[in-house]
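Me: I would like to learn how to read a model like this one, feature by feature. Please give the general idea and then the case at hand.

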Amino acid sequence: MFKIKTYNAISSKGLERFNPKTYEVGGAVADADAYVLRSQKLHGEPVPPSLLAVARAGAGVNNIPVGEYGQQGIVVFNTPGANANAVKELVLAGMLLTTRGILPGIEYARSLGTMTDSAEMHQLLEKEKSRFAGTELRGKTLGIVGLGAIGSMVADTALALGMKVLGFDPALSIDAAWRLSNAVQRMENLPSLLARSDFVSIHVPALESTRHMIDAAALSGIKPGAVLLNFARETIVDPAAILQSLDAGRLGRYVSDFPEPGLSTHDKCIAMPHIGASTEESEENCAVMAADQIMEFLENGNIVNS
Ligand code: MLT
């Protein structure tokens with residue numbers, strides 16, 4: 001009998017994959033053969049001697065001490081691509097929130113909803129609605145930093161919307177290069193992408209090499225008024241540099257999936273509570289993939305991470 005320790009927020013569709021004749025699911029850490037988890041941080045946690053594998057139901061593995069586990073022979077899986085569509089859809093929403101008067105418009109419509117005289121309400125609405133006019137995405141340039149599963153899906157969506165797409169990836173894999181549309185113009189470096197993009201969307205993992213990749217120097221060359229979208233990880237940007245660039249009027253808007261003290265409350269910032277991958281479909285895809293990876297490893301010794 002294999003023992004699987006599960007952590008919060010794993011879709012039951014994934015856990016149902018484990019055959020109860022072979023697996024005991026949801027037991028204690030102390031004698032677990034494998035963990036299946038989402039965002040639980042494992043740094044500093046005791047590692048049971050029985051532990052053979054950990055599967056993260058998600059793309060980023062920055063909540064797992066991968067190096068330390070590797071030295072102990074513990075295999076760490078993630079679920080590349082399983083939540084890419086969910087993130088891609090939220091990136092699109094993030095762009096639209098900056099181009100159209102959606103948020104202030106909703107607030108205004110709500111305030112009108114308290115009026116009882118509908119003729120008066122319509123009169124007011126006609127008078128005020130020009131305040132909420134926006135611009136279109138079609139014809140604008142989107143620069144994508146990181147062209148893996150999520151970045152390439154964002155690229156396809158932007159191309160379908162009539163945007164021009166530039167891409168930069170410091171470590172593009174052969175698989176990712178095959179997946180990428182030919183219509184994406186590959187940039188040799190980050191500064192040339194930043195200088196030419198109306199929107200910049202970040203899709204690189206949280207590594208030491210990507211920490212503060214978007215810092216004051218990078219932002220000093222960004223196209224004036226550009227919108228920066230961060231649905232990757234908070235560590236990739238330097239928040240103080242973002243704040244400074246927004247205040248100086250260089251960076252137009254910052255859209256982030258991570259609340260940041262002092263930044264999320266800024267007028268030019270739209271922050272969300274790390275919900276990029278939070279859809280039923282994505283949670284199910286990730287949990288099913290993670291469960292299958294663990295079973296394939298424990299039962300057959302195969303390491304499948306795609
Ligand atoms: C990811 O790394 O794929 C996401 O951050 C997943 C999540 O929100 O759990």
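Me: How far apart do the C-alpha centres of domain 1 and domain 2 lie?

Reply: Keep in mind that this is a predicted model. The two centres, taken over C-alpha atoms, are 30 Å apart. Domain 1 covers 2–82 + 280–300, and domain 2 covers 84–100 + 135–271. Where they touch, 6 residues come from domain 1 and 7 residues from domain 2. On the domain 1 side, the touching residues comprise 1 nonpolar, 4 polar and 1 charged.

Me: What are the overall dimensions and the make-up of the protein?

Reply: Along the principal axes, the C-alpha atoms fill a box of roughly 70 × 55 × 35 Å. The protein holds 11 helices and 12 strands. It has 306 residues, and 38% of them count as buried. Among contacts with a separation of 6 or more, 61% join residues 24 or more positions apart.

Me: Why does the length of helix 11 agree with what its residues should span?

Reply: A helix can be checked by setting its expected span beside the distance between its ends. Helix 11 (residues 280–300) has 21 residues, which at 1.5 Å a residue should span 30 Å, and its end C-alpha atoms are 30 Å apart, so the two agree.

Me: Which residues of helix 11 are buried, and what do they pack against?

Reply: The buried residues include S282, E283, C286, M289, I294 and F297. The packing partners of the buried residues are strand 1 (2–6), helix 1 (12–15), strand 3 (34–37), strand 4 (53–56), strand 5 (75–77) and helix 3 (84–99).

Me: Strand 4 is on that list. Are its faces covered or open, and which strands does it pair with?

Reply: For a strand, look at each side in turn, then at its neighbours. Both faces of strand 4 are covered, with A53 and A55 buried on one side and V54 and R56 buried on the other. Strand 4 pairs with strand 3 in the parallel sense over 4 bridges, and with strand 5, also parallel, through 3 bridges. A55 shows both pairings: A55 is the bridge partner of V36, and A55 stands opposite F77 in strand 5.

Notes. Residues are numbered from 1 along each chain as its sequence is written. This is a predicted model: local features need pLDDT of at least 70, side-chain atom pairs count only at pLDDT 80 or more; totals for chains, interfaces and linings use all residues. Domain bounds come from an automatic or database domain assignment. Two residues are in contact if their C-beta atoms, placed from the backbone, lie within 7 Å. Ala, Val, Leu, Ile, Met, Phe, Trp, Tyr, Cys and Pro count as nonpolar, Asp, Glu, Lys and Arg as charged, and the others, Gly among them, as polar. Helices (H or I, at least four residues) and strands (E, at least two) are DSSP runs, numbered from the N terminus. A residue is buried if 20 or more other C-beta atoms lie within 10 Å of its own, exposed if 12 or fewer, and partly exposed in between; C-beta atoms are placed from the backbone. The expected span of a helix is 1.5 Å times one less than its number of residues. Two strands pair if DSSP finds at least two bridges between them.
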